[in-house]
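Please keep the picture open and find each residue as you go.

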Amino acid sequence: MSASAVFILDVKGKPLISRNYKGDVAMSEIEHFMPLLMQREEEGALAPLLSHGRVHFLWIKHSNLYLVATTLKNANASLVYSFLYKTVEVFSEYFKELEEESIRDNFVIVYELLDELMDFGFPQTMDSKILQEYITQQGNKLVTGKSRVPPTVTNAVSWRSEGLKYKKNEVFIDVIESVNLLVNANGSVLLSEIVGTIKLKVFLSGMPELRLGLNDRVLFELTGLSGSKNKSVELEDVKFHQCVRLSRFDNDRTISFIPPDGDFELMSYRLSTQVKPLIWIESVIEKFSHSRVEIMVKAKGQFKKQSVANGVEISVPVPSDADSPRFKTSVGSAKYVPEKNVVIWSIKSFPGGKEYLMRAHFGLPSVEKEEVEGRPPIGVKFEIPYFTVSGIQVRYMKIIEKSGYQALPWVRYITQSGDYQLRTS
Amino acid sequence: MGSGLRDRALWKVALGATGSRPGRGRSPCSGDRKKEAAALPGGPAGSANRANRPPERHSSPRAGAGAEAGHSKRALPGADRPKQRISDGRRAPGRGSCAAAPRGAAGEGAGRSASGRRSALGAPAGGGGGRGGAAGRRRPGGGGTSAGRGPGPIGAGRRAEALGRRPRPGGGRALGRRGWEWGGGPRGSRGRLGAERAGLRAPGGNRRSGFPRQGWEEPAGTAPGRETMPYLGSEDVVKELKKALCNPHVQADRLRYRNVIQRVIRHMTQGLDMSGVFMEMVKASATVDIVQKKLVYLYMCTYAPLKPDLALLAINTLCKDCSDPNPMVRGLALRSMCSLRMPGVQEYIQQPILNGLRDKASYVRRVAVLGCAKMHNLHGDSEVDGALVNELYSLLRDQDPIVVVNCLRSLEEILKQEGGVVINKPIAHHLLNRMPKLDQWGQAEVLNFLLRYQPRSEEELFDILNLLDSFLKSSSPGVVMGATKLFLILAKKFPHVQTDVLVQVKGPLLAACSSESRELCFAALCHVRQILHSLPGHFSSHYKKFFCSYSEPHYIKLQKVEVLCELVNDENVQQVLEELRGYCTDVSADFAQAAIFAIGGIARTYTDQCVQILTELLGLRQEHITTVVVQTFRDLVWLCPQCTEAVCQALPGCEENIQDSEGKQALIWLLGVHGERIPNAPYVLEDFVENVKSETFPAVKMELLTALLRLFLCRPAECQDMLGRLLHYCIEEEKDMAVRDRGLFYYRLLLAGIDEVKRILCSPKSDPSLGLLEDQAERPVNSWASDFNTLVPVYGKARWAAISKYQGAEHRGPELPNTASFASSGPLIPEEHKETVQEPDSGALMLVPNCQLTAEYFEKTWFSLKVAHQQVFPWKGAVHPDTLQMALQVVNIQTIAMSRAGAHPWKAYLSAQDDTGCLFLTELLLEPENSEMQISVKQNEPRTETLNGFISVLETVLGTIGDIKS
């Protein structure tokens, strides 16, 4: 890939900041971007890839900003998008929230970062942890004299600095599974999948060597552990952070690596084995034209009785011209959010096996409006701690460093809703 | 451009706010931030938020052996309130707004650590000793509540109750079992440390989230002209900044000095011309402050092309910095120097680059390697420096992975004319071995370069493929696609390997298709479609992945529908059709129509089911649905004649719901061709004939003529009268030539006798073999492998062909119609050669039409540029501005301003832009007494070839006009 220039535009398409990396595309080309985008949108043919003359615009939108890369080459699209997303990620790590205002406020750092992220159109140092070592935000302090050269910039292991020191050596492991679900209006499950990630937070000195053991079925079969006692999980599409030695995983399913410092996502996996939807919703939405809408929603926790789903939020669509809401819930509270045209029913804690009910009543104006409305689905958000749908478990985490310190691994499991939608009729 | 002033005013508002409230950067967004954090599907999802997440939420597996035991007996007491923990996690990101929050969270964490420790009780022995120690250590920092907590089970249990103020729905103990696993002793101390960490880090985060360089903002008193600055034109600002920069007091105070420089950059970012302070900025580059250096160098890189003579002065400083002891400074200086983009800089940068290539810091080497490519680009077409190329080739063995990849990139650029960097066996193998050390960008890049390598033997080929196998499962979609392409190309003689690879990447591709990033998802879907062309059944078992979600953007939904249409098979056709039928009534008409067309596509294989669905859709009596259904029917009866009967039965009544041209044409065609089976066909056509006067689309009239004549052949009695009326109208009253000609043609044809009409008009009514409407021929993988993972599948082949045609020699309208695809179904030029094709021949000048410059912009640019060319042109008499303007317009030169005819002296300002974006600004000055026209041309990018081209165009025009005159 190679980008000729990178622009950050505000929502009206006015460049906030830009960097011309290659100089082969006139910077004024960006003026064509917004009109083109509008035109495409009008035609209903909007795509994240636009072209004007010889120039290709690859763009993403983040909050109220457009990030646009221009290129003349027949570039690798996914790589350019990845780059833009990575840029957003790096900026967000610096300013917490990447938006028009934070760009304006921090334009010096943005320039500094753009300078380091890419040179001559090619991605360079993209790791925000490494960047943070030498692009700091202590703006008030004057960096005088010889600033320390970040060792990482010259390191063999590009993702970890040498000479890290922690008083206490610890690793935190988060096993997070999100459930994506799509249920048809007639109640049949169209799609159900689990996307799992294992995230690590590492506070370890030196250059430690880590080995993670999971109850991976393939591994169990390899080692002959696949007895009836050991529950194992078959992982699909396992993807690892760059630090994991893939050859070892391929050979004997060992996950061994030298971790980066701090937070990172070690691996992700997918399971497409059908599981019972964790929270099942039945809904009846009756619309009496010109008078009222009556909504009845039944939610059932279809997970183990010992588990509790927290922060359950069920958003039920209502017509945009509905008024005078009235609710009745067996548990939790319901709230009408007119700007999104939904009723949100929140249940703080929802134990497994329980069944709750909500009724809502809305008035409808006697004069019906012209345009037809879509049928948005019912969405559910929840979080079940100490529980994984797949049953994945961390069996061990071995930490070996040449200085021989004792390090402590900690584990936590969470299951949460991903794209969890139930269509309404 | 015209809105420049308004935009500036907008800036001012924003800036004003910045100035008046220093803390603003933080306050307004904090609320949002909190909301945002709460909206996250789970606290941990936002990685940025996690930095300060209270760590007490973890339990500890003991390292090494025994862990499993601990794990299998998870019956640990010590429940905690999960809800509360999670909410802590969520609160953490909002911390930026209130410094107290993290401390609160930490306190809570510390308190909770006690309950955490309860879990330790259940843990097998190992942890005990450590725990004791840890508890001891924890006390001092742990906060009052947690101090003095005994490790005994009973005490802890009680405390658990004491702590559990909130009702626990599942019962404390039951929950606890699933609580902390392997809760080793150190939990307590962990809590303390967590508290410490949260406490320590929070302020850091705070500082960051807010307005980090607040200190740099001008303190109110020191910026006299500040309020009036951004919108009172740049001159005042430049003057004021210049004064500030020269002020020895400012220079003495580093912080103030940097503030002023920062303001210069801020204005530059806003698009104000700041080149006026170039000298002062050059002086400011001599500083020990690296941030100031960066800013000044950034400034120089931006304005050096405008002030090449002054920029040369800066070279000294840059050269000096290139030998600074700090590698960051060396790298920065070298990078900036190479980015100056002005003529004459080459001779100065050569030595620093060579030094940089041998620098001991890899940071500098990275910069230097790319510097070589930049230097080469500056030279333009100069010949390649062999020594440098050799040096770069040897640097492929560098320690640093980025240096290696940069070498490849740089060589590619330098050797562009010769076909790019050469990948021979040693290099290829070296790169293959380095692959795991590279980051995803590097990996993708190397995979792309490896495409060029031809393995000598089959054995070597398969060795390479084995080495690369793991990259098919990379977590980066770019790498996955890159690896796939490499596999497909390398194994082009082994179709089974290709198929195997496509099976392997199925998972990663599917994952990318449900990626959180819409754009990546879109790109992946486009590639899935590409694969489906060759392997139609490839994704059939995963058809549910391509069901659309309500909130997805349009372009993804459309792609998914296309994919669904292509992966139907006997097993899933029912479900797919049911899903597609749901989309047909979507609110978005475009999407609904796409879904109907998709059903039409499936109907070619599963005719009956689809025709039934389509017929049901007609019952909805929605205009946008009916028209598309009828169009689908038209194509369908042509390809699948067996459904004619069903279609004919469905048609009556449709005419009431069709308003657009396409739909009418389709309906009329159907009525004409299959009219004998539709009882009321003549009456429907009669309605059209009645209203033909108000019909706006000529195409509909044409279709009507043909259809009616055809129908006349099989149902003469009902049609004769209206055919006469229609012909009369078309011949006598119609204004559209084509329609009239068609009418006359049919009239004469009828005169020739009915047999003749039949012979000419009655063709076969269907022809399934005609592949024109169908594009389902399986394409071999090799036909698209070279396009895989480029922009081609993302644009779609048809559009790409249109675009690349546009990018070729001649300029046409921006969007060629999609029909262009028929002409260009062959494989496109392989990627390697495409670059050279796209590059315009040096010297060939292409002026872009419709380059509309505003007068203000012209003026600004005019004053910022140097005269690139000046000459006089003999001229006699006065000028006729209109004639001249017209003539200039013909060659795409725009007139910005022109004196009236006979003015004295006569002046004109012209502008033009070529296809590379290079602007030519021209002044014509005619002083009649000298009887010559003085031409001054300015160019925003110094390129002599195009300049000469432009001048010759201008001379031709003036010469022609002059000739007419004399």
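1. A charge is said to sit over a ring if NZ of Lys or CZ of Arg is within 6 Å of the ring centre and within 35 degrees of the ring normal. In this predicted model, B:Lys938 lies over the face of B:Trp862, at 4.2 Å from the ring centre. In chain A, the charged end of A:Arg292 is likewise placed over the ring of A:Phe288, with 4.0 Å to the centre of that ring.

2. B:Phe920 and B:Phe950 form a stacked pair, with 4.5 Å from centre to centre and 5° between the planes. Because B:Phe920 belongs to strand E4 (residues 919–927) of chain B and B:Phe950 to helix H47 (residues 944–965) of chain B, the pair ties together parts that are 30 residues apart in sequence. Both of these Phe residues, B:Phe920 and B:Phe950, are buried.

3. Chain A contains an open sheet of five strands in the order E2-E1-E5-E4-E3, with antiparallel pairing. Strands E2 (15–20) and E3 (49–52) of chain A stand at the edges with a single partner strand each, so one side of each has no neighbour in the sheet. E3(A) is joined by four bridges to strand E4 (residues 55–62) of chain A, and A:Leu49 has A:Leu58 in E4(A) as its bridge partner.

Conventions:
Residues numbered from 1 in each chain as written. Chains lettered and ligands numbered in written order. Predicted model: local features only at pLDDT ≥ 70, side-chain atom pairs only at ≥ 80, totals over all residues. Heavy atoms only, no water. Phe/Tyr/Trp six-rings, centres within 6.5 Å; stacked < 30°, edge-to-face > 60°. Helix = DSSP H or I, 4+ residues; strand = E, 2+ residues; numbered from the N terminus. Buried < 20%, exposed > 50% of the residue type's maximum accessible area, 1.4 Å probe, protein only. Pairing = 2+ DSSP bridges.
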